[in-house]
Amino acid sequence: IQKNSLIKKGEAVDAYTFSLEQQRILQELQNRGFADFNLNYISLEGDSSNLDKRIDYFVKILNPANKKNHKRYTFGKINVFTNYRQDQLLSKTDSVFYNGKFYHKDSRKFVMKLKSIDNNIFIKSNKLYNRDQHYKTINKLTDLSTYKFVKLSPYIDPVQDSVINYRVLLTPHVRK
């Protein structure tokens with residue numbers, strides 16, 4: 001990912017540029033499956049001891065406490081609750097398996113066509129975790145005028161600790 005660095009040879013640098021570079025590295029690593037990676041693991045250090053108005057900088061990726069490596073995650077089971085309410089018993093819903101996801105409803109029919117919802121969900125089971133796909137899913141589902149609230153609720157799979165399952169909670173507008 002070095003070729004996309006915001007810090008270029010021969011250009012002036014400042015604390016703000018270093019901060020942007022840390023954010024870029026963070027996002028890149030989260031898009032490559034490292035879901036729990038955060039800024040605390042990135043150390044940018046500069047060395048200006050050669051006194052010729054230059055600085056050498058080093059990026060150090062620190063390991064998590066008590067672990068040898070950072071863990072890569074994949075998207076797991078995806079459950080989409082199409083007419084979610086806070087008092088709803090999630091286990092009492094009818095479900096349909098469609099395009100690799102479980103769609104749940106507690107009424108006679110779905111609030112909107114499954115294809116329309118599915119076209120706006122960019123997280124895919126068995127694919128490497130990708131932060132951009134997570135946020136794109138939130139943004140696209142929020143754009144659907146049918147839903148008042150959209151929430152992605154990730155949780156670690158109880159059997160495989162490198163898999164992140166999702167509950168997609170969609171609360172429709174109340175009909176007048």
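Predicted model: local features only at pLDDT ≥ 70, side-chain atom pairs only at ≥ 80, totals over all residues.
Residues are numbered from 1 along each chain as its sequence is written, and side-chain values use heavy atoms, with hydrogens and water left out.

Let us begin with helix 3. Helices (H or I, at least four residues) and strands (E, at least two) are DSSP runs, numbered from the N terminus. Helix 3 covers residues 131–143, and its 13 residues reach 19 Å from first C-alpha to last, close to the 18 Å expected at 1.5 Å a residue; the expected span is 1.5 Å times one less than the number of residues. His-134, Thr-137 and Leu-141 are the buried residues to look for in helix 3, where buried means under 20% relative accessible area, exposed over 50%, and partly exposed in between (1.4 Å probe, protein chains only). They lie on the same side of helix 3, because they cover an arc of only 60° around the axis; that arc is taken from the directions from the helix axis to the C-beta atoms. An α-helix has 3.6 residues a turn, so residues three or four places apart point the same way. The cover over the buried residues of helix 3 includes helix 2 (114–118), strand 6 (147–156) and strand 7 (163–172).

Next, turn to Gly-33, in the loop between helix 1 (15–30) and strand 1 (42–47). Gly-33 counts as buried because its relative accessibility is 0%. Beyond its neighbours within four places in sequence, Gly-33 is in contact (heavy atoms within 4.5 Å) with Lys-71, Arg-72, Tyr-73, Leu-128 and Tyr-129.

Two other loops each hold an asparagine with a positive phi. Asn-66 sits between strand 2 (56–61) and strand 3 (74–81), and has a positive phi of about 60° although it is not a glycine. With 85% relative accessibility, Asn-66 counts as exposed. Asn-99 is in the loop between strand 4 (94–98) and strand 5 (101–105), with a positive phi of about 50°. Asn-99 is exposed too, at a relative accessible area of 52%.

Finally, have a look at helix 1, where Leu-20 is found. Leu-20 is partly exposed, with a relative accessible area of 34%.
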